[in-house]
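Colleague: I am new to this model and would like a close look at one part of it. Please take it step by step.

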Amino acid sequence: MPHSPTTDSRAVLTAMYTAEARYLAAGGPGTASFDLLAPCFAPDVVLHQAAALPHGGVWRGHQGMERFFRAMSDSWAEFKLVAQDFLAAGETSVVRTIVRARSRATGRELTFPILQTLTVRDGRITEVRPFSWDTDAVVRTCTP
């Protein structure tokens, strides 16, 4: 059966979230190899995070993604994907995730939704745009 862009995109995204969980379980940045995640992302991938977040900014390429995961690790001692819904899967997919996280700086926990648009081309993620429900709550949770 030939693959459609929908099944291809969903498979790529599922593989990425699985690889991300393996990467974090293996110790994440500084311990685990980014090689677990690299095949999921195009070499010129761009991640756009809200500037107000502790890990905000634009992250480019595999090196940028590695730096992003380090910034996330600096912010969060724990970051668990509690529930996930694929709302649309095609070249541009939409994924809603409920996250439960614990701040490294404060020890406080926060449960919050993130809606992501992810673009997949040629079997790799080329762009990620996460939208956090309440960036102020994230900043308050992470700020001593």
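Which residues does Phe-79 touch, not counting residues up to four places away in sequence? Please go on from there to the strands around it.

Modeller: A word on the model first. This is a predicted model, in which local features need pLDDT of at least 70, side-chain atom pairs count only at pLDDT 80 or more, and totals for chains, interfaces and linings use all residues. Residues are numbered from 1 along each chain as its sequence is written, and side-chain values use heavy atoms, with hydrogens and water left out.

Now your residue. Phe-79 sits in strand E3, residues 76–88. Strands (E, at least two residues) and helices (H or I, at least four) are DSSP runs, numbered from the N terminus. Beyond its sequence neighbours up to four places away, Phe-79 touches Leu-24, Met-72, Val-99, Arg-100, Ala-101, Phe-112 and Ile-114. Contact here means heavy atoms within 4.5 Å. Phe-79 has 22% relative accessibility, so it counts as partly exposed. The classes are buried (under 20% relative accessible area), exposed (over 50%) and partly exposed (in between), with a 1.4 Å probe and protein chains only. Phe-79 and Leu-115 are 36 residues apart in sequence, and their C-alpha atoms are 15 Å apart in space.

Next, the strands. E3 and E4 run antiparallel and are joined by ten bridges. Strands pair if DSSP finds at least two bridges between them. Leu-81 stands opposite Val-99 in E4. Three residues make the hairpin link from E3 to E4.

E4 then pairs with E5, also antiparallel, over eleven bridges. Here Ala-101 faces Leu-110 in E5 as its opposite number. The hairpin of E4 and E5 has five residues between the strands, and Gly-107 in the turn has a positive phi of about 80°.

E5 and E6 are antiparallel and share eight bridges. Arg-121 has Arg-124 in E6 as its bridge partner. Two residues lie between these strands in their hairpin. Asp-122 is in the loop between E5 and E6. Asp-122 is not a glycine, yet its phi is positive, at about 50°. Most residues other than glycine have a negative phi. Asp-122 counts as exposed because its relative accessibility is 84%.

Now the core. The largest nonpolar core has 35 residues, and those touching the most other members are Met-16, Leu-37, Phe-41, Phe-112, Leu-118 and Ile-125. Such a core is a set of buried Ala, Val, Leu, Ile, Met, Phe, Trp, Tyr and Cys residues joined through side-chain atoms within 4.5 Å. Elements giving it two or more residues include E4 (92–103), E5 (109–121) and E6 (124–132), along with helix H1 (5–25). H1 gives the largest share, six residues. Phe-112 links back to your question: it is also touched by Phe-79.

H1 also holds Ser-9. Ser-9 has a relative accessible area of 3%, so it is buried. Leaving aside neighbours within four places, Ser-9 is in contact with Gly-90, Glu-91, Ser-93 and Val-120.

Last, the surface. Leu-87, Leu-115 and Phe-131 make a nonpolar patch of about 280 Å². Phe-131 lies in E6, and it is partly exposed because its relative accessible area is 47%. Patch residues have over 30% relative accessible area and no salt bridge; like charges are joined within 9 Å, nonpolar side chains (Val, Leu, Ile, Met, Phe, Trp, Tyr) within 5 Å. A salt bridge is a side-chain nitrogen of Lys or Arg within 4 Å of a carboxyl oxygen of Asp or Glu. Accessible areas come from the Shrake-Rupley method with a 1.4 Å probe, and for residues only the protein chains shown count as cover.
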